[in-house]
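Q: Hi! Could you walk me through this structure in plain words?

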Amino acid sequence: MTLPETRREDPAWTADTRPEATDPVLYRIRGLVMSYGEHRVLDDLSFDIRRGECLAVLGRSGSGKSVLLRQLNGLEAPDEGTVEFDGTDLAALSEYDLFPFRRRIAMLFQGGALFDSMDVYENIAFPMREHTDLDDVEIAAKVAEKLGMVHLAGIEAKMPADLSGGMKKRVALARSLALDPTTVLFDEPTTGLDPVTSATIGRLIRSVQTRLGVTSVVVTHDIVLARRVGDRVAFLHEGRFRFLGDWAEAEASEDEVFAGFLAGREEEDDAA
Amino acid sequence: MLDPLALARHTGSIAILTGRAFVGLVRRPFELGLWTEQMEQIGVRSLGVAGITTIFTGMVLALQTAFSLPSLGVKYYIGAVVAKSLVRELGPVLTALIVGGRIGAGMTAELGTMKVTEQIDALRSMASDPVKKLVVPKLAATLVMLPALTVIGDFLGVLGGLFIAVVQLDVSAGFYINDVTTSLTLQDVASGVGKAFFFAYFIAIIGCYNGLNASGGADGVGRATTDTVVEAAILILVSDFFLTKLFYLVA
């Protein structure tokens, strides 16, 4: 297998694409606890993420989905527990020791988080300038390729302020793919978008998944998106997964809270 | 009310940020492009406001000196009074207060907006260090440009005093300039420039710290920006007292 130019030299990058990486589990999360003041957002959470799958994490707003996602690339460290990524506990690493892993784990933020001061080209070129030896011609070719993947060819000169919400997220997706990551974390990728644009984003996530063979985690409260992209689905409620399984199991689930969420039913304390 | 625990926490966090920023300042790679961009932003664009402040301060000093004690004939010492007061004290302090308000608030607003729109997290998620990319260039540029602006401001302030001395007080230009050059010592200049270095550090580190710790959307960024202006001004004025004592002791 020929590795992409950006990964070839760095053993840390190639770790989960190397032939001997046969462990079907990429993430092993054990006993994760995270509290903000008195509020326990994640409560002894343990689960695995399989190599190459797309795990959709559903949950209500404020249920701790984004907090969980931020543990998966070390943006936040848990109070307790381990986040083992390809054999290394990310929770035990310092900010600088996390850098090699973050090159492999891309993240798409809720609002896109494009750099306001840079145009689209510079935004996508940024990680390549930071972490590769590619020259300007190679970077230009890669930027065009990544923009093509999100169906936005030719908008290199636009500033983020000139883009719609959907376009921002697609450019952010192109940027997150700039270093050819092996894992992509999506934080509420369709929040604030109309149904048609949401469907486009869902299709793009799926196509990234199938074309690049990445492992993805999508946290969302958008059930339509979760059905479209998720190989498996998890339901986060009160700091724990009330459900984790494939969609056939999800449909058959007898968990009242999860079934209620899927059906869009209010809980008692909401209705009161 | 002032919470001592919160104050200790902030002081500790600022000390950590200072350590990381100074390590970033001397560790490769040096982002010289970013440094020069910031120098232009912080230094060149503040030249006008710094110049106006010190020119008029020099002019006021000349007038006040002459009109306050006319019977003592102090107008013949105007050059010395204007130069000493400006170079040792008013030049660095006023330049730091005026320019610091402008650039410190700008730093907080920029970094605070980046923080609340997750751009800082995006940087971290792309394996880049926000301190190295954002704080170090601002600190380096302020450390270079504020003392430079102070020196330019001192010069313009002395020229302002000259203008008033010649036009309004009938003191000859040669007399005024001779008075300035004979009264000013190297210690005066070193004291003023030395203060400017400390003020530059306070402005940059407070501006960046408040920006990086902003939260709560546009409202939070607004509050952080106001905090920067107030905290930087207080730090400049309080530290000026201790720095003045220190520089006299050293001299």
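**Where the chains touch**

A: The contact takes 13 residues from chain A and 10 residues from chain B; two residues are in contact if their C-beta atoms, placed from the backbone, lie within 7 Å. This is a predicted model, in which local features need pLDDT of at least 70, side-chain atom pairs count only at pLDDT 80 or more, and totals for chains, interfaces and linings use all residues. Residues are numbered from 1 along each chain as its sequence is written, while chains are lettered from A and ligands numbered from 1 in the order in which they are written.

Q: Which elements give two or more residues to chain A's side of that contact?

A: Those are helix H4 (95-104) and helix H5 (120-131) of chain A. Helices (H or I, at least four residues) and strands (E, at least two) are DSSP runs, numbered from the N terminus.

Q: OK, new topic. How many helices and strands are there in chain A?

A: Chain A has 12 helices and 10 strands. Of its 272 residues, 43% count as buried. A residue is buried if 20 or more other C-beta atoms lie within 10 Å of its own, exposed if 12 or fewer, and partly exposed in between, with C-beta atoms placed from the backbone.

Q: How many residues of strand E7 of chain A are buried?

A: Five of its five, in residues 183-187. On one side sit A:Thr183, A:Leu185 and A:Asp187, on the other A:Val184 and A:Phe186, and both faces are covered.

Q: What does E7(A) run parallel to?

A: Strand E6 (residues 105-108) of chain A is joined to E7(A) by four bridges, and these two run parallel. A:Leu108 stands opposite A:Phe186 in E7(A). Five bridges join E7(A) to strand E8 (residues 215-220) of chain A, also parallel. Two strands pair if DSSP finds at least two bridges between them.

Q: And what about chain B, say helix H9?

A: H9 of chain B covers residues 217-250, which is 34 residues, and reaches 46 Å from its first C-alpha to its last, close to the 50 Å expected at 1.5 Å a residue. That expected span is 1.5 Å times one less than the number of residues.

Q: Where does H9(B) bend?

A: At B:Asp240, by about 30 degrees. The bend at a residue is the angle between axes fitted to the seven residues ending there and the seven starting there.

Q: What do the buried residues of H9(B) pack against?

A: Helix H4 (78-116) and helix H8 (186-212) of chain B. The buried residues of H9(B) include B:Val221, B:Thr225 and B:Ile236.
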